[in-house]
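This report goes through selected features of one protein model. Please look at the sequence and the structure before reading on.

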Amino acid sequence: MSPTEAPIPPHVQPPASPHLLALAEGELAGLPELPRRGRGLSLRTLIVLRWLAVVGQTSAILTAYFALHFPLPLWECLTVIGAGVAMNLATMARARRIDGSLPDGPRTAAQLGFDILQLATLLALTGGLANPFCLLLVAPVTIAAAALPARQAVILGVMALIAVGFLFSWSLPLPWRLHEHLELPGLYRLGLGLALVTGVLFTAGYAWKVAADADKLELALATTQDVLQREQRLAALGGLAAAAAHELGTPLATIQVVAKEMLRDAPTDSPAAEDAALILQQAERCRAILKQLSAQPEEGDPLFADIDLKALLEEVAEPHRGFDLDFEIAVKAPPGHPVPRVRRLPEIVHGLSTLVENAADFAARKVRLTAVVDAGWIEIDILDDGPGFASEILPRLGEPYVTSRPQAKARRALAAQIAAASRPARRGRRAAPPPITAPIAPSQGGMGLGFFIARTLLERTGAKVSVGSGDGEKGQPKGARVSIRWPRQALEAPVSAMESGGT
């Protein structure tokens, strides 16, 4: 859990929702196109493997020379093995200077490349392809295929194939008993070479596939855990919202009672009466919001039925009109096809409304809502002409409590009304409010939960939310763009729903 995430009490940890599986499937749909993450092996692992190889090579050479009395070039072979020992000592010295337990792809490739060259040289001195230990050339390539990126693994595989070709073309005779000479037919040596090439390709390909499947499984597990954590955080916030709705009911009732008495006692059309009416209006709005938080939609309620796509955009933009902003709403459908009707789910309405509110808060003059419909997708873009997403916020956008939100225009307008109402009236009329040049109530800034909640709600309906820069003109702020994309079957209302809506 990151430092910005609030811990979730154990008593509000919910089980995974029914939307979890669908969301995880949507997140993982593009996994085959994702690049594998070749991380390499740690230096400590490479050191251990090379010591094992050195011990095996030394034992084989000494046994063949002293026990079996094979006439092989002992000192040349020991020199090649000594090169492996020197390489390992240098690697151990390097591992002491750095953290040798961390994976290192480039160093892994270099170490495995040295192993191929060292083994090929040793085989060339001891019979080439006639030496049964030539099968060991498969080992470095298999390790590379399982632990390295594609380019490095292919380079090492080509090195191994070149080594096989070199061993087929030239090598010292296979050491054998004194006064005996073992000469394998050329065709048989060719078959050994082809078998070795086939073994390198098949084993490396198999290791690559297994490693790729393991990477995808690891990524799937990480994605599912991330989705589950977001579901849990959202459920915890839902519990807090229900508790807040319950706790705020009494203070709101008290405010409404006091405001009604102020309105009754104040002279008609006086500034005090207007202030009391404004307080009553906003308190009633708060009560409606709290009621909406605690309400559950009923099955078949027309409020939660299907709606025209453009009407949906109009609905989410309507509460934010009237604050010196122009809203442009457009729906683009294929020629000859009607604009589809979509599900009016509470998650979609609340999520889109929150994103539109964010755009309105940052916009200078204009907010655009554009829906594009094609055969397989429905995409809604929300663009503003503001400064765009801050570079330090963009990588963490969507996490709880991450915000650079300014004072909302609606709040500034309300604060201006209250400030104007507190000044004496002139000739029975109230003066126009002055322009707001500084935040009036810093405590009203965003908590960083709006985008997190909106994104989670929209993704629960099958949407994919992405953010980026807008399309501002040259010399002007680029603005911000939030794109929400659904598979058409996930958002479009079923035919039965549309028919019932039409009747």
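## Thr 108

Thr 108 is counted as buried because its relative accessibility is 1%; buried means under 20% relative accessible area, exposed over 50%, and partly exposed in between, with a 1.4 Å probe and protein chains only. The residue belongs to helix H4, residues 105–125. Helices (H or I, at least four residues) and strands (E, at least two) are DSSP runs, numbered from the N terminus.

Leaving aside residues up to four places away in sequence, Thr 108 touches Gly 40, Leu 41, Leu 46 and Leu 148. Contact here means heavy atoms within 4.5 Å.

## Basis of the model

The model is predicted: local features need pLDDT of at least 70 and side-chain atom pairs count only at pLDDT 80 or more, while totals for chains, interfaces and linings use all residues. Residues are numbered from 1 along each chain as its sequence is written, and side-chain values use heavy atoms, with hydrogens and water left out.

The protein has 14 helices and nine strands. Of its 503 residues, 35% are buried. Among contacts between residues at least 6 apart in sequence, 77% join residues at least 24 apart.

Helix H2 covers residues 43–67, and its 25 residues should span 36 Å at 1.5 Å a residue; the end C-alpha atoms are 35 Å apart, which agrees. The expected span is 1.5 Å times one less than the number of residues. Buried residues in H2 are Leu 43, Leu 46, Ile 47, Arg 50, Val 54, Gln 57, Ile 61 and Ala 64. Their cover includes strand E1 (41–42), helix H3 (74–97) and H4.

After H2 comes His 69, placed in the loop between H2 and H3. The phi of His 69 is near 60°, a positive value in a residue other than glycine.

## The second largest pocket

The second largest pocket has a volume of about 810 Å³. A pocket is found on a 1 Å grid over the protein atoms alone, as an open set of points where a 1.4 Å probe fits, with protein on both sides within 12 Å along at least five of seven lines; lining residues have an atom within 4 Å of a point. Grid points are joined across faces, edges and corners, and the volume is the space filled by probe spheres set on the points.

The lining holds 33 residues, and Gln 57, Leu 119, Leu 122, Phe 133 and Leu 136 lie nearest the centre of the pocket. H2 gives the largest share, twelve residues. H2, H4 and helix H5 (138–147) each supply at least two. By type, the lining has 24 nonpolar, seven polar and two charged residues. Ala, Val, Leu, Ile, Met, Phe, Trp, Tyr, Cys and Pro count as nonpolar, Asp, Glu, Lys and Arg as charged, and the others, Gly among them, as polar.

## Annotated spans

In the unreviewed UniProt entry, the annotation "transmembrane region" covers residues 46–67, 116–147, 153–174 and 186–208. UniProt positions are given in the numbering used here, feature names are shortened, and annotations may be inferred rather than shown by experiment.

Residues 116–147 are 62% helix and 0% strand, with end C-alpha atoms 16 Å apart. Residues 186–208 are 100% helix and 0% strand, with end C-alpha atoms 33 Å apart.

Is Asp 269 buried or exposed? Asp 269 counts as exposed, at 65% relative accessibility. Asp 269 sits in the loop between helix H7 (186–265) and helix H8 (271–294), and its phi is positive, near 65°.

Arg 488, in helix H13 (residues 488–491), counts as buried at 19% relative accessibility. Not counting residues up to four places away in sequence, the contacts of Arg 488 include Pro 340, Asp 374 and Trp 377.
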